[in-house]
Amino acid sequence: MRTTRLAALVAALAIAVSACGGGDGGQTSAASDKPTGTATLWVRDSAKGFINLLTDQYNKTHEGKVTVTVVPSGSFVQKFGTAAASGAGPDITSIDLVYAPYFASKGVFEDLTPVLNSLTWKDGLSQAHKKLAVYDGKTYALPFTAEASVTFYNKDLFKKAGLDPNKPPTNYTEMLEAARAIRKLGSDYYGFTMAGQCGGCNVFEFAPHVWASGGKILSDDGKTATFDSPEVTDALTFYRQMWTEGLMPPSAKTDGGSVQPQSFQSGKVGMVNLGAFFVQTLVADKKFDFGATPIVGKDGGTASFAGGDEIAVTKSAKNKAVAYDFVKWATSEEAQTILAKNSIVPIRTDLIDKIYAPLDPRYKVLGEAMSAGQTPYSVVENAIINDNNGPWAKMINQAVFGTGDVKTAQTAAKQAAQQIIDKG
């Protein structure tokens, strides 16, 4: 996830989206058996490692064709929103699932409810992705790529610290004990690290602790902020304790998301919460043995953030026939197998054991985490959570690294978030 600002887009989209028409590029209908012509697809640069493999396969096996434009992740939402508002956007877009409710609410996407209902495997699609694609009772996107958050731990350090590498922590107390044991290995060893200045990172990595403990950060409809819940208090207090005991490296306080992977890769940090992409990185490094285990709650329980992308057809699409055909194919076993082989968690939970888990034993943990993962639903998710200057990020930074007055930080964050939600 990346921090981008949506506020500047709201007015433009509200005015221009109603004018976003778009034909079907001469196609007979979106349901044409053999759509022809070319459709355009925009993706974030995080997809550049696999997207051409995917579209090449589609282009080889279909009469219709898809061309790809890769857009820098940091500017994707703003660029796409501006283009959509003017009717100059792509036919298809792959977009971070947390932004799907916003764009659906602004009328940017086509209604894909009939497409979803036509899929014989619709019940096997990621529930979190499906939830975030719904607005006002209709489905405006399909699941495309998935990500899950888990705790990675250095098995070699666990052994060196006298811990059982086959028994990772199952609650906060055990995480603290493991972190303390690793810290005792030397002044440059640390038990855990995080990205303290990254709001998006910490909904992916920190929020699962809250969910695993039975709490929420937002109500199910996204209309109420629950940043002041007891489960959030416990998670913030837990992280604060790791910080004050010196179990985290100094870099954790100011890290915007780029340092924590490197810290763990150094072999001097025992645990870190990250996503499936990290497996391939660590395997390539070959520096140490590592494990992946679910993110835990205070007294047990586990949870994960179900991340990744949705894929949608835009209202302004010029070739809706090919666009509809491609987004449907993207959820097929053929397409999801290509993604699985490129370290992408399948959004088909019915296929995880068949096409993903066999590739690496740690993928099974990630696949199971994604299948049961959660994702907050909000049409203003960016402003309250992803924005590094927003209430979620400020609360975590203040409570963990600042004054340590957890309750005050929570109260201020809830009030600020609720104001943003109420304004819409």
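**Stop one: a buried alanine**

Select Ala-409: its relative accessibility is 2%, so it counts as buried (buried means under 20% relative accessible area, exposed over 50% and partly exposed in between, with a 1.4 Å probe and protein chains only). Before going on, note that this is a predicted model, in which local features need pLDDT of at least 70, side-chain atom pairs count only at pLDDT 80 or more, and totals for chains, interfaces and linings use all residues. Residues are numbered from 1 along each chain as its sequence is written, and side-chain values use heavy atoms, with hydrogens and water left out.

Helices here are DSSP runs of H or I with at least four residues, strands are runs of E with at least two, and both are numbered from the N terminus. Which residues does Ala-409 touch, leaving aside those up to four places away in sequence? Show Met-395, Gln-398 and Ala-399; contact means heavy atoms within 4.5 Å.

**Stop two: α2 against α15**

Next, select residues 51-61 (helix α2) and 333-340 (helix α15), whose axes lie 10 Å apart at an angle of about 150°. Axes are lines fitted to C-alpha atoms, for helices over the stretch in contact, and angles run from 0 to 180 degrees between N-to-C directions. That makes α2 and α15 roughly antiparallel; the cut-offs are under 35 degrees for roughly parallel, over 145 for roughly antiparallel, 65 to 115 for roughly perpendicular, and oblique for the rest.

From α2 come Leu-53, Leu-54, Gln-57 and Thr-61, and they meet Glu-334, Ala-335, Ile-338 and Leu-339 of α15. Sorted by class, the residues of this contact between α2 and α15 are 5 nonpolar, 2 polar and 1 charged. Ala, Val, Leu, Ile, Met, Phe, Trp, Tyr, Cys and Pro count as nonpolar, Asp, Glu, Lys and Arg as charged, and the others, Gly among them, as polar.

Stay on α15 a moment. It is largely enclosed by the rest of the structure, since 6 of its 8 residues are buried. To see them, pick Ala-335, Gln-336, Thr-337, Ile-338, Leu-339 and Ala-340. What covers these buried residues of α15? The cover includes α2, β6 (142-154), α14 (320-329) and α16 (352-356).

**Stop three: strands around β6**

Follow β6 to the strands beside it. Select residues 306-313, strand β12: 8 of its 8 residues are buried, so β12 is largely enclosed by the rest of the structure. β6 and β12 pair in the antiparallel sense over 6 bridges; two strands pair if DSSP finds at least two bridges between them. For one of the pairings, look at Leu-142, whose bridge partner in β12 is Ile-311. Strand β3 (residues 92-96) also runs antiparallel to β12, joined by 5 bridges, and here Asp-96 has Asp-309 of β12 as its bridge partner.

Now highlight residues 269-275, strand β8, which is mostly covered, with 7 of its 7 residues buried. β8 and β6 are antiparallel, with 5 bridges joining them. Click on Val-272 in β8 and find Phe-152 opposite. Val-272 is also the bridge partner of Thr-193. Strand β7 (residues 190-193) pairs with β8 in the parallel sense, over 3 bridges.

**Stop four: α8 alongside α11**

Switch to residues 172-183 (helix α8) and 230-244 (helix α11), where the axes come within 11 Å and cross at roughly 10°. α8 and α11 are therefore roughly parallel. In α8, show Tyr-172, Met-175, Leu-176 and Arg-180, which meet Asp-234, Ala-235, Phe-238, Gln-241 and Met-242 in α11. This contact of α8 with α11 has 6 nonpolar, 1 polar and 2 charged residues.

**Last stop: two loop residues**

Pick Asp-136, in the loop between β4 (134-135) and β5 (138-139). Its phi is near 55°, a positive value in a residue other than glycine, and at 71% relative accessibility Asp-136 counts as exposed. Finish with Lys-286, in the loop between α13 (277-285) and β9 (290-293). Is Lys-286 buried or exposed? Exposed, at 74% relative accessibility, and the phi of Lys-286 is also positive, near 55°.
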